[in-house]
Amino acid sequence: RGLGDVYKRQGQGGGKVPAEVTGFQASRDNNDKRIYRFTWNPQENVTGYILRWGTQKEKLTHSMVVYENQYEARYFNRDSEYYFSMSAFNENGVGK
């Protein structure tokens, strides 16, 4: 399933959109700057999470869907600074 599939299915449920993700942390590996590790507090009634990132705070141009409350990414540029956001989703929509 891709991110497009997630967006196509949103807003069709009869319940509540997930709350804002809490406890989100992004930590860069000290030995290999290409690696980031992400963790956040799990939520109930959530299908998954959307991790967004970019090199400009107001322009998070990349995204991926994660189905657990942790993720390790090994593809960032060593010399770039990044900004991140995390949203939860379910059949009712995408939270903040």
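**Reading the features**

Guide: Asp-32 has a relative accessible area of 18%, so Asp-32 is buried. Buried means under 20% relative accessible area, exposed over 50%, and partly exposed in between (1.4 Å probe, protein chains only). This is a predicted model, in which local features need pLDDT of at least 70, side-chain atom pairs count only at pLDDT 80 or more, and totals for chains, interfaces and linings use all residues. Residues are numbered from 1 along each chain as its sequence is written, and side-chain values use heavy atoms, with hydrogens and water left out.

Visitor: Which residue does Asp-32 meet in a salt bridge?

Guide: A salt bridge is a side-chain nitrogen of Lys or Arg within 4 Å of a carboxyl oxygen of Asp or Glu. Asp-32 meets Arg-34 in this way, at 2.9 Å from N to O. Arg-34 is partly exposed, at 34% relative accessibility.

Visitor: How many salt bridges does a search of the whole structure find?

Guide: The search finds 4. One of them joins Asp-29 to Arg-37, with the closest N and O atoms 2.9 Å apart. Asp-29 is buried at 13% relative accessibility, whereas Arg-37 is partly exposed at 32%. Another links Arg-74 and Glu-72, whose closest N and O atoms are 2.8 Å apart. Arg-74 is exposed, with a relative accessible area of 54%, and Glu-72 is partly exposed at 33%. Through shared partners, salt bridges join Asp-29, Arg-37, Glu-72 and Arg-74 into one network.

Visitor: How is a sheet read, and in what order do the strands of the open sheet come?

Guide: Strands of a sheet pair through backbone hydrogen bonds, either parallel or antiparallel. Helices (H or I, at least four residues) and strands (E, at least two) are DSSP runs, numbered from the N terminus. Two strands pair if DSSP finds at least two bridges between them. Here 3 strands form an open sheet in the order 1-2-5, with antiparallel pairing. Strand 1 (25-28) and strand 5 (70-73) are the edge strands, each pairing on one side only. Strand 1 is joined to strand 2 (residues 36-39) by 4 bridges, and Gln-25 stands opposite Thr-39 in strand 2.

Visitor: How is a pair of aromatic rings described?

Guide: Such a pair is described by the distance of the centres and the angle of the planes. Rings of Phe, Tyr and Trp (its six-membered ring) pair if their centres lie within 6.5 Å; planes under 30 degrees apart count as stacked, over 60 as edge-to-face and the rest as tilted. A search of the whole structure finds 17 aromatic pairs. Among them, Tyr-36 and Tyr-82 are edge-to-face, at 6.1 Å centre to centre and 85 degrees between the planes. This pair links distant parts of the chain, with Tyr-36 in strand 2 and Tyr-82 in the loop between strand 5 and strand 6, 46 residues apart. Both Tyr-36 and Tyr-82 are buried. Trp-40 and Tyr-49 have ring centres 5.3 Å apart and planes at 65 degrees, so this pair is edge-to-face. Trp-40 is buried at 3% relative accessibility, and Tyr-49 is buried at 5%.

Visitor: Where is Ser-87 found, and is Ser-87 buried or exposed?

Guide: Ser-87 is in strand 6 (residues 83-90) and is buried, at 6% relative accessibility.
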